[in-house]
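Please read the following walk through the pockets and helix contacts with the structure open beside the text.

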Amino acid sequence: MAMVDEPLYPIAVLIDELKNEDIQLRLNSIRRLSTIARALGEERTRRELIPFLSENNDDEDEVLLAMAEELGVFIPYVGGVDYANVLLPPLETLCTVEETCVRDKAVESLCRVGAQMKESDVVDWFVPVVKRLAAGEWFTARVSSCGLFHIAYPSAPEQLKAELRSIYGQLCQDDMPMVRRAAASNLGKFAATVEPTFLKSEVMSIFDDLTQDDQDSVRLLAVEGCAALGKLLEPQDCVAHILPVIVNFSQDKSWRVRYMVANQLYELCEAVGPEPTKADLVPAYVRLLRDNEAEVRIAAAGKVTKFCRILSPQIAIQQILPCVKELSTDSSQHVRSALASVIMGMAPVLGKDATIEQLLPIFLSLLKDEFPDVRLNIISKLDQVNQVIGIDLLSQSLLPAIVELAEDRHWRVRLAIIEYIPLLASQLGVGFFDDKLGALCMQWLEDKVYSIRDAAANNLKRLAEEFGPEWAMQHIVPQVLEKINNPHYLYRMTIIQAISLLAPVMGADITSQKLLPVVISSSKDRVPNIKFNVAKVLQALIPILDHEEVEQKVKPCLAELSEDPDVDVRYYATQAQQTCDQVMMTS
């Protein structure tokens with residue numbers, strides 16, 4: 001009997017689990033759909049499983065989302081592209097549910113299935129799905145239909161294409177703003193499939209309607225359409241149709257629309273060409289940089305370098321730089337922060353003289369900003385300016401800002417500056433580092449916050465790698481070893497950690513002569529935490545040292561630690577002894 005029922009078992013389990021009260025079981029069964037389909041075979045999958053899934057749509061959103069995802073890759077399990085149309089009904093149902101993420105996933109899966117279908121099947125099966133959804137009584141169906149036109153349109157015959165364009169035009173004028181929003185956001189994809197003659201006439205008139213919509217949420221999505229359509233049109237058509245829209249949008253009454261323009265503007269400059277950019281888009285961009293809403297200024301400031309790259313240096317200096325100066329003293333710290341993150345990229349665009357005369361004073365004012373993020377954003381991009389104006393000018397103005405950040409009361413600011421130190425060291429050179437930054441690096445080893453001490457130890461290792469063991473032997477190792485006698489055990493522990501990080505960089509000789517004696521003397525420390533960290537460090541040093549050193553110094557020290565009263569010390573000492581024995585055996 002069991003043998004006869006075997007093929008029925010998977011579908012029975014699926015049905016049982018899909019009706020189970022436990023959502024996790026229902027989810028698991030949906031995620032196993034491909035396994036169940038393989039067990040059933042292609043024909044029974046088409047005949048039983050898919051109809052069952054079509055009916056079973058009243059469920060938790062999580063389950064429906066998983067189903068929408070699975071069906072997108074289900075073509076092989078129903079018999080290949082010849083039978084792909086059987087997947088459309090359950091996905092069409094999922095396109096009408098209320099939960100947005102389920103609908104989006106169903107649309108994505110429908111597009112994936114439709115893209116693999118034969119042209120004749122697209123016309124016979126896929127286009128009717130699009131038309132049904134577009135005529136849906138409930139807005140969710142109409143929203144979903146907007147994302148499918150670009151798949152349906154290319155395969156359709158002429159008459160059907162005209163009908164699809166007309167339907168899309170109606171969706172762009174739908175009573176529900178959500179539908180118009182979906183039509184606006186998908187217009188670029190649909191326009192890319194439409195023939196050039198209809199693109200200029202019909203699609204552009206649809207676009208004009210969307211740009212004048214009374215809902216700002218629709219207009220701001222039409223801004224994205226500007227960039228997409230701009231790339232499809234000839235430059236002269238782009239200037240005639242898209243440019244006026246952008247200029248109007250840059251003065252839109254809704255700040256959200258102006259924000260979108262600020263984000264997209266430099267892409268539109270590429271579409272319209274240099275002359276219209278100079279005449280129309282530069283004034284629009286200047287308006288956005290001086291907008292009364294901070295969010296718009298943030299978006300515009302963040303694009304200032306990209307925008308300057310497509311202009312001549314002269315226009316950038318005359319028209320954009322005065323706005324940049326104003327933004328550097330903006331009342332919003334987030335505007336200043338956005339500017340600081342990109343302003344350094346303007347140096348290569350403007351050249352050495354303009355950078356020294358015009359940009360350097362702005363850098364300096366941002367380096368003295370009261371808001372730490374602004375100062376950090378400047379320091380993190382210094383290499384771009386260094387290449388243009390050289391280190392001497394930079395270092396004079398830079399050092400006070402670094403020192404201030406290094407001693408900032410917020411530990412996260414101190415942490416961020418530590419992470420930039422190796423980058424600064426490589427840019428500013430060893431001489432500048434020794435004079436100005438060396439003392440700071442040592443100071444961080446005794447910070448009150450563990451994360452700072454940990455980062456400081458790693459920082460020393462990266463500096464030793466950057467400047468070499470000889471430099472580290474002169475400027476790092478002696479100062480580090482002096483601190484091993486600090487009365488507080490946490491600071492002594494940081495030094496032990498720093499030694500273990502430095503040893504592989506310094507090599508066997510310096511490790512055995514300078515670092516190992518300090519580690520071994522620390523094994524006599526009265527604090528167990530220090531002693532078990534010594535055991536860990538010795539374990540890490542074993543591969544670096546030669547065998548004689550290990551036998552004479554490391555092994556006796558570990559033997560002593562393995563008899564310590566503290567259980568943790570004994571444990572780590574034993575671990576280190578085992579490593580010691582393994583290394584000896586392999587050699």
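**Pockets and helix packing**

The residues that line the second largest pocket divide into five nonpolar, four polar and one charged. This is a predicted model, and in it the second largest pocket has a volume of about 150 Å³. Its lining is made up of Tyr450, Arg453, Leu490, Met493, Thr494, Ile496, Gln497, Ser500, Asn533 and Val537. Two or more of the lining residues of this second largest pocket come from each of helix H29 (450–467), helix H32 (489–506) and helix H34 (528–541), and it is H32 that gives the most, with six residues.

The largest pocket can be described in the same terms. The volume of the largest pocket is about 250 Å³, and of the 14 residues that line the largest pocket, those closest to its centre are Asp104, Val107, Val143, Gly147 and Asn186. At least two residues of the lining of the largest pocket are supplied by each of helix H8 (100–116), helix H10 (139–145) and helix H13 (177–191), with H8 giving the most, namely six residues. Sorted by class, the lining of the largest pocket holds four nonpolar, six polar and four charged residues.

The crossing of H21 and H24 is left-handed. On the H21 side the contact is made by Ile317, Leu321, Val324 and Lys325, and on the H24 side by Ala354, Gln358, Leu359 and Ile362. Taken by class, the residues of this contact of H21 with H24 divide into six nonpolar, one polar and one charged.

Which helix packs with helix H3 (residues 23–31) at an angle of about 5 degrees? The partner is helix H6 (residues 61–71), and the axes of H3 and H6 are 9 Å apart. That angle makes H3 roughly parallel to H6. From H3, the residues Ile23, Arg26, Leu27, Ile30 and Arg31 meet Glu62, Val63, Ala66, Met67 and Glu70 of H6. The contact of H3 with H6 has six nonpolar and four charged residues, and no polar ones.

How values were computed. Residues are numbered from 1 along each chain as its sequence is written. This is a predicted model: local features need pLDDT of at least 70, side-chain atom pairs count only at pLDDT 80 or more; totals for chains, interfaces and linings use all residues. Side-chain values use heavy atoms; hydrogens and water are left out. On a 1 Å grid over the protein atoms alone, a cavity is a set of points where a 1.4 Å probe fits but cannot get out, and a pocket is an open set with protein on both sides within 12 Å along at least five of seven lines; lining residues have an atom within 4 Å of a point. Grid points are joined across faces, edges and corners, and a volume is the space filled by probe spheres set on the points. Helices (H or I, at least four residues) and strands (E, at least two) are DSSP runs, numbered from the N terminus. Ala, Val, Leu, Ile, Met, Phe, Trp, Tyr, Cys and Pro count as nonpolar, Asp, Glu, Lys and Arg as charged, and the others, Gly among them, as polar. A crossing is left-handed if the near helix is turned anticlockwise from the far one by less than a right angle, and right-handed if clockwise. Contact means heavy atoms within 4.5 Å. Axes are lines fitted to C-alpha atoms, for helices over the stretch in contact, and angles run from 0 to 180 degrees between N-to-C directions. Angles under 35 degrees count as roughly parallel, over 145 as roughly antiparallel, 65 to 115 as roughly perpendicular and the rest as oblique.
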